[in-house]
Amino acid sequence: MTDLKSLNIEEIQDFVVKHNFPKYRAEQIFRWINTGVSSFDEMKNIPKDLRSKLSEYYYISVVNIEKKQVSSYDNTVKYLFKFGDGECVESVVMSYHHGYTICISTQVGCKMGCKFCATGMQGFTRDLTPGEMLCQIETAQKDLGIRISNIVLMGMGEPLDNFDNVVRFIHLVSLEKGLNIGKRHITLSTSGVVPKIYKLADLEMQITLSVSLHAPNDLMRSATMPINDAYDIESLMEAVRYYIDKTHRRVSFEYAMIDGVNDSDSCAKELGKLIKGMLAHVNLIPVNSVKGSDYRKSNKERLISFTNILNSYGISATVRRTLGSDIDASCGQLKGKYKEGG
Ligand code: SAH
Ligand code: SF4
């Protein structure tokens with residue numbers, strides 16, 4: 001069985017026509033699934049025989065809110081969503097002056113095993129379907145009574161390790177008749193799956209690519225990110241340059257600032273040399289604490305000095321504000337599980 005939510009209008013049209021129903025029914029069905037219905041019976045204006053035909057071939061993915069936490073610092077909301085098979089992921093809704101941004105998950109767990117990341121420590125369970133990615137947004141919008149304007153694929157999972165489903169999701173979510181969140185409002189973050197960066201570039205979509213770099217050389221990067229052994233920094237940079245050439249989009253580099261590990265002036269200089277002249281921006285993220293790792297945040301002096309050095313290479317860099325830290329909703333803290341005692 002296929003998730004009906006993962007289909008686009010044309011595919012629903014093919015199904016409807018093939019089963020001798022008028023073509024316009026497809027658009028009605030598509031609208032229903034984008035309002036977050038959880039069963040075929042809720043599709044009031046769809047005839048019963050078409051509803052039952054649909055249910056022979058498809059299911060509608062749903063998520064239930066298993067747990068919801070609201071930060072008392074900044075109103076960031078973290079959801080623990082549970083899918084039909086009992087698997088859970090987390091999503092985070094952040095409120096900015098320009099609107100609401102949701103950080104969604106693309107997999108249950110992750111294979112990449114980055115040493116500083118709670119998701120990485122729990123291993124991989126399964127990919128999410130495009131429909132399950134849409135569900136996270138619809139359910140949060142419904143629950144909060146808001147319209148979400150921006151999406152970041154920075155929750156649990158490595159988006160490029162679930163390439164086809166993620167690309168399909170991006171197309172679906174940006175459809176005018178769907179959730180209508182434009183591609184320019186979508187950011188995809190990757191730990192650096194090089195062949196998939198080329199594949200993504202060739203699609204020439206107007207999304208923002210964010211690359212989790214976190215170290216200025218291979219020795220340091222391999223120590224925290226196992227993926228660096230498969231694709232080293234040089235091959236990653238080449239792929240990123242190709243992406244920029246193809247899409248003309250500014251890329252952002254994520255750099256988690258870890259006290260005494262990768263935050264020295266010489267690291268900043270090495271990083272400066274590495275990305276000098278690229279159409280890129282650097283986001284410095286004071287590393288968030290995660291159970292099972294003893295990395296600590298860099299101090300303010302380090303953050304300022306690092307930023308200044310990057311600026312001296314003509315690179316724009318900003319320190320990312322940490323949101324929702326009291327509810328473990330910050331980068332790398334998502335586990336998709338209840339915390340013991342929490
Ligand atoms: N798998 C993708 C996207 C999800 S992780 C990726 O790695 O890019 C989202 C971002 O959070 C990445 O930049 C990741 O490196 C970062 N991150 C993970 N753990 C972190 C932590 N403990 N502190 C700060 N950032 C972290
Ligand atoms: Fe996976 Fe990203 Fe976490 Fe690395 S940082 S383990 S790629 S989710």
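This briefing describes the surroundings of a ligand, the lining of a pocket and the packing of a helix. The model is predicted. In it, ligand 2 sits in the largest cavity, while the largest pocket holds about 840 Å³ of space. Helix α2, which spans residues 24-34, contributes several buried residues, among them Phe30.

**Ligand 2 and its shell**
- The residues that surround ligand 2 are Cys110, Met112, Gly113, Cys114, Cys117, Gly120, Gly157, Glu158 and Ser191.
- Sorted by class, this shell around ligand 2 comprises 4 nonpolar, 4 polar and 1 charged residues.
- As for its location, ligand 2 is placed in the largest cavity of the model.

**The largest pocket**
- A total of 29 residues line the largest pocket, and those that lie nearest its centre are Tyr96, Val152, Met154, Asn283 and Arg320.
- At least two lining residues come from each of the strands β5 (88-96), β6 (99-103), β9 (148-153), β12 (251-257), β13 (280-286) and β14 (316-319).
- The lining of the largest pocket divides by class into 13 nonpolar, 13 polar and 3 charged residues.

**Helix α2 and its cover**
- Within α2, the buried residues are Arg25, Ala26, Ile29, Phe30, Ile33 and Asn34.
- The elements that cover these buried residues of α2 include the helices α1 (9-18), α3 (48-57), α5 (130-144) and α6 (163-173).
- After α2 comes Gly36, which has a positive phi near 90°.

Methods:
Residues are numbered from 1 along each chain as its sequence is written. Chains are lettered from A and ligands numbered from 1 in the order in which they are written. This is a predicted model: local features need pLDDT of at least 70, side-chain atom pairs count only at pLDDT 80 or more; totals for chains, interfaces and linings use all residues. Side-chain values use heavy atoms; hydrogens and water are left out. A residue is near a molecule or strand if one of its heavy atoms lies within 4 Å of it. On a 1 Å grid over the protein atoms alone, a cavity is a set of points where a 1.4 Å probe fits but cannot get out, and a pocket is an open set with protein on both sides within 12 Å along at least five of seven lines; lining residues have an atom within 4 Å of a point. A molecule sits in a cavity or pocket if more than half of its atoms lie within 2 Å of its grid points. Ala, Val, Leu, Ile, Met, Phe, Trp, Tyr, Cys and Pro count as nonpolar, Asp, Glu, Lys and Arg as charged, and the others, Gly among them, as polar. Grid points are joined across faces, edges and corners, and a volume is the space filled by probe spheres set on the points. Helices (H or I, at least four residues) and strands (E, at least two) are DSSP runs, numbered from the N terminus. Buried means under 20% relative accessible area, exposed over 50%, partly exposed in between (1.4 Å probe, protein chains only). Contact means heavy atoms within 4.5 Å.
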